Amino acid sequence: MQPTFEGPVRVRVAILGCTGSIGMQALDVCRQHSDKLEVVALSAHSRTKELVAAAREFDVHAACVTDETHAQDPVLGELPSDCELLVGPDGAPALAQRDDVDVVLVAIVGAAGLAASHAVLKSGKRLALANKESLVVGGDLLMPLAAPGQLLPVDSEHGAIYQCLMGENPREAHCIWLTCSGGPFYGRSISELAQVTRHDALAHPTWNMGAKITIDSATLMNKGLERIEAMHLFGMGLDRIKVLIQRESKIHSMVEFVDGSVIAHLGASDMRIPIQYAFSYPERWGTPAPRVDFRTIGQLTFGAPDMEAFRCLKLAEAAGEAGGTLPCVLNAANEIAVDAFLRDELSFTGIAEVVEACMDAHDRSDVVSFEQLYDVDAWARAHASTLVAARG
Ligand code: NAD
Ligand code: MG
C-alpha cells in the first residue's frame with residue numbers, strides 16, 4: 001500500500017479588520033508562511049473591494065462586512081462561491097467563534113473591537129490582539145477570561161514586554177520602560193502644537209499606520225492608551241510603567257528587574273514581526289521583514305516625554321489611575337475628537353480639551369458588565385460630539 005503523505009497541520013487564522021494597516025500586514029505574514037498559516041475568515045468595515053480580493057486570494061470560508069451600508073456592494077458577488085457572507089457589527093464576533101478558526105487577530109480600530117475580543121476569549125481560541133482599545137475599555141472584564149498564553153499582544157511594545165518577561169518571575173520585575181518615538185511633534189511647546197494641521201499630524205516619523213492611531217501617536221494619546229493596556233496585560237500599576245522617548249523606534253520596550261538588570265527587545269520597526277509572533281508563539285519562524293544591521297544605526301537616543309505639552313498623556317494617566325469606567329470615557333471621547341480633527345472640525349489641542357471635558361462630566365463607577373461599558377461609551381460619544389459641535 002502507498003504511504004499517505006499528509007501536509008503539516010496549519011494554524012487556521014481569522015483576521016478581523018483585514019483591510020487596515022495591521023490587517024494587510026497580517027495577510028502578508030500569512031502569504032509568506034502559507035505552509036504554516038491558513039486564512040479562513042476575514043472581516044472589513046467598508047472597503048469591500050479589498051475584502052473580496054483577499055477572500056479570493058486566500059479562498060476563505062467566511063467573510064464579514066461590518067458596515068451594513070456596504071452590504072449590497074456589487075463586488076460582494078465575486079466572493080468565492082462557497083464563502084459564507086455575514087453582515088453587520090455582530091458578524092465580527094461571530095467569525096471569531098467559528099469552529100474552523102484557531103487564532104483570531106483583532107485588528108479592528110477603536111472600541112468597536114471590544115465585542116470581538118470578548119468573543120475570542122470566551123471561545124477559548126488564541127487572541128492575537130492589536131486592538132488596544134479593547135483592553136483600555138474592557139480590561140477589567142477581559143483579563144480574567146484570558147488563560148495563560150491565550151492572549152498574545154500585537155502592539156509592538158507589549159509584544160516586546162511579553163518576550164522580556166518570558167521565563168522570568170513577574171514579581172521580580174521592578175518596572176517597564178515603555179518606549180515611544182515621540183511622534184512628529186516631539187519637542188514642540190503647547191502654543192506651537194495649537195497650530196499644527198491634519199497634514200502635519202499624519203506624517204509619522206517611523207511607523208506607517210491607520211489614521212486614528214497616527215493622530216494618537218502625534219498627541220501621545222497612543223502612549224497613554226498603551227500604559228493602560230500594559231497595566232492590564234502585565235498586572236502592574238501605572239507608576240511602574242514609565243514612558244521613554246526612543247526616537248529611532250529600534251528598542252520596542254524594556255523590563256527592569258529588582259536586581260537592576262534591564263532586558264530590552266530590539267528589532268526592525270515592522271509590525272509584521274509582532275503580528276507573526278502572535279501567530280507562531282511559542283515558536284519562532286523566519287523573519288517576515290528585512291533585518292536590522294545595528295552597525296549602520298549610529299546611535300540610539302533616549303528622553304522623557306513632556307506631559308504638560310502633550311496633555312493626552314496626562315489625561316490617560318488620570319483615567320488609568322482612577323480606573324473603572326473612566327478609561328472608557330477617555331477612549332470614546334478621544335475617538336470622536338480625533339475623527340473631528342481629521343475632518344478639520346477641531347484643532348489639534350482641541351482633542352485633549354474635548355477629552356478632558358468629557359472626563360470631568362462623567363461620574364466614575366466600577367466596571368460590572370459589557371452592557372454598562374457600551375452605555376458609557378455611547379454617552380461619552382454623544383457628549384463629545386456635542387462639545388465638538390458647540391466649538392464649531
Ligand atoms: P486601520 O484604520 O488601518 O484599520 C482598521 C480596520 O478596522 C479596517 O480593516 C476597518 O475595516 C476596520 N474597522 C473600522 N471601523 C470598524 C468598525 N466600526 N467595526 C469593525 N471594523 C472596523 O487601523 P490600524 O492602524 O490597522 O489599527 C488597527 C488596530 O491596531 C488599532 O486598535 C490600533 O491601535 C492597533 N495598532 C496598530 C498599529 C499599526 O502599526 N497600524 C500598531 C499597534 C497597534
Ligand atoms: Mg504600540
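D28 forms a salt bridge with R31, with 3.4 Å between the closest N and O atoms; a salt bridge here is a side-chain nitrogen of Lys or Arg within 4 Å of a carboxyl oxygen of Asp or Glu. Both residues belong to helix α1 (residues 21–32) and lie 3 residues apart, about one turn of the helix. D28 counts as buried at 18% relative accessibility, whereas R31 is partly exposed with a relative accessible area of 38%; buried means under 20% relative accessible area, exposed over 50%, and partly exposed in between, with a 1.4 Å probe and protein chains only. The two residues are also part of a network of salt bridges that links D28, R31, E57, D270 and R272.

This is a predicted model, in which local features need pLDDT of at least 70 and side-chain atom pairs count only at pLDDT 80 or more, while totals for chains, interfaces and linings use all residues. Residues are numbered from 1 along each chain as its sequence is written, chains are lettered from A and ligands numbered from 1 in the order in which they are written, and side-chain values use heavy atoms, with hydrogens and water left out. Helices (H or I, at least four residues) and strands (E, at least two) are DSSP runs numbered from the N terminus.

By the salt-bridge rule the count comes to 27, and the table lists three of these pairs.

| Pair | N to O distance |
|---|---|
| D28 and R31 | 3.4 Å |
| D155 and K132 | 3.0 Å |
| E157 and K223 | 2.9 Å |

The side chains of D155 and K132 meet in a salt bridge. D155 lies in the loop between β7 and α6 and K132 in helix α5 (residues 132–142), so the pair ties together parts that are 23 residues apart in sequence. Both D155 and K132 are buried.

The side chains of E157 and K223 also meet in a salt bridge. This pair links distant parts of the chain, with E157 in helix α6 and K223 in helix α10, 66 residues apart. E157 is buried with a relative accessible area of 8%, and K223 is buried with 5%.

Which residues are the protein donors of the magnesium ion (ligand 2)? They are D155 (OD), E157 (OE) and E226 (OE), lying 2.1 to 2.2 Å from the ion; donors are N, O and S atoms within 2.8 Å of the metal (3.2 Å for Na, K and Ca), and water is not among the atoms, so sites may look incomplete. D155 lies in the loop between β7 (151–153) and α6 (156–164) and E226 in helix α10 (residues 221–234), so this pair ties together parts that are 71 residues apart in sequence. Helix α10 is mostly covered, with 14 of its 14 residues buried, and just after α10, G235 takes a positive phi of about 60°.

Elsewhere, 4 strands form an open sheet in the order β9-β8-β10-β11, with mixed pairing; two strands pair if DSSP finds at least two bridges between them. β9 (241–245) and β11 (262–266) stand at the edges, each with a single partner strand, so one side of each is left without a neighbour in the sheet. Strand β8 (residues 173–180) is joined by 4 bridges to strand β10 (residues 251–257), and the two run antiparallel. Of β10, 7 of the 7 residues are buried, so this strand is largely enclosed by the rest of the structure. β10 and β11 pair in the antiparallel sense over 5 bridges, and they form a hairpin with 4 residues between them, where G260 in the turn has a positive phi of about 90°.
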